Amino acid sequence: MRAIWKGAVSFGLVSVPVKLYAATESHDVSFRQVHAKDGGRIKYQRVCSLDGEEVAYADIAKGYETEDGEMVILTDDDMSQLPSTSSREIAVEKFVPREQIDPLLFEKSYYLEPEGAGAKPYALLRQALKDADRMAVVTVALRQRTTIAVLRVRETEAGEVIVLQTMMWPDEVRVPDFKVEVDDAKPQEVKMAHMLVETLAGDFDASEFEDDYAGAVDALVKSKIEGGEIKRTETSTKTSGEVVDLLAALQKSVAAAKTARGEADAEDDSDDEKPEKKTTAKKTSAKKAPAKKTAAKKSTAKKTATKKTAAKKQAKKAS
């Protein structure tokens, strides 16, 4: 896992340097909207609802819509005036009984890991939370916005770890606008309900449950791939799992790029001319070679004739 935040838990005069890790990840199945004919992805344009023109990112601003439908545009200067913080402190406000916090308030979960010299105070805080059977209500700044959260101890395969769980603000929890009104249940009905509860009573084991929908989708996709029911588009970024020759892929890419620019024919012509030039060069060198040999023979013949003439002259002088 990769740490997404670094800071320190502070309670009283004690400071515990920690790293923050996301404790959960979503395995929800997601689908893309594509053209049924060829599998191409559907693109969406940023179009203004008033003039119908496409809007560039640079021209997009933040807008706050009021209850009566009016739109208030907020500039970067306006946003800079809003309260924000970059504090790296997880400040403990109080320790409260765990049953006082409604699970409906819980939002996201993170693991806390001690950093450096924080191992001992981390262990002390973890033990104190366990022994008191309480949660620590804290304030923390994540993504430049202060939020409330709780610290609690969770048993994992790696051991006991302190978990930070961010919470919704109280006004973010909706109140139901309906009431359930029924007649009082009869004693016999209440007794049967109790018997049903006792019959289905047991301990919670998360491994007993699995996402059968995600498994069914995965099996369906694999069967379609094995059956060849797959559409490959030019913009596909994922491979089919085959081992690809990198050099061959590069050569094909270069050839495709040159063809698109109209350079393929020129390259072919130049390739055809090269062997002819080489052949001509060979022929030329072949012609020159005999000429050199002939010249060498003539030179040797002249030297031989000169030697014979000199020998005859010496013979005459001697006689």
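1. Helices (H or I, at least four residues) and strands (E, at least two) are DSSP runs, numbered from the N terminus. Just after α4, G228 adopts a positive phi of about 80°.

2. On the basis of the note: this is a predicted model, in which local features need pLDDT of at least 70 and side-chain atom pairs count only at pLDDT 80 or more, while totals for chains, interfaces and linings use all residues. Residues are numbered from 1 along each chain as its sequence is written, and side-chain values use heavy atoms, with hydrogens and water left out.

3. Salt bridges (a side-chain nitrogen of Lys or Arg within 4 Å of a carboxyl oxygen of Asp or Glu) number five by this rule. One of them joins K6 and E115 at 3.7 Å, N to O. K6 belongs to strand β1 (residues 5-11) and E115 to the loop between β6 and α2 (119-132), so this pair ties together parts 109 residues apart in sequence. K6 is partly exposed at 45% relative accessibility, as is E115 at 25%. Here buried means under 20% relative accessible area, exposed over 50%, and partly exposed in between (1.4 Å probe, protein chains only).

4. R98 and D133 form a salt bridge at 2.8 Å, N to O. R98 sits in the loop between β5 (89-97) and β6, and D133 in the loop between α2 and β7 (134-142), so the pair links parts 35 residues apart in sequence.

5. In the salt bridge of K130 with E160, the closest N and O atoms are 2.6 Å apart. Helix α2 holds K130 and strand β9 holds E160, so parts 30 residues apart in sequence are tied together.

6. The second largest pocket contains about 260 Å³ of space. Of its 13 lining residues, E107, L142, R145, T147 and T166 are the closest to its centre. A pocket is an open set of points on a 1 Å grid over the protein atoms alone, where a 1.4 Å probe fits, with protein on both sides within 12 Å along at least five of seven lines; lining residues have an atom within 4 Å of a point. Strands β6 (106-114), β8 (145-156) and β9 (159-167) each supply at least two lining residues.

Definitions and conventions: Points joined across faces, edges and corners; volume = space filled by probe spheres on them.
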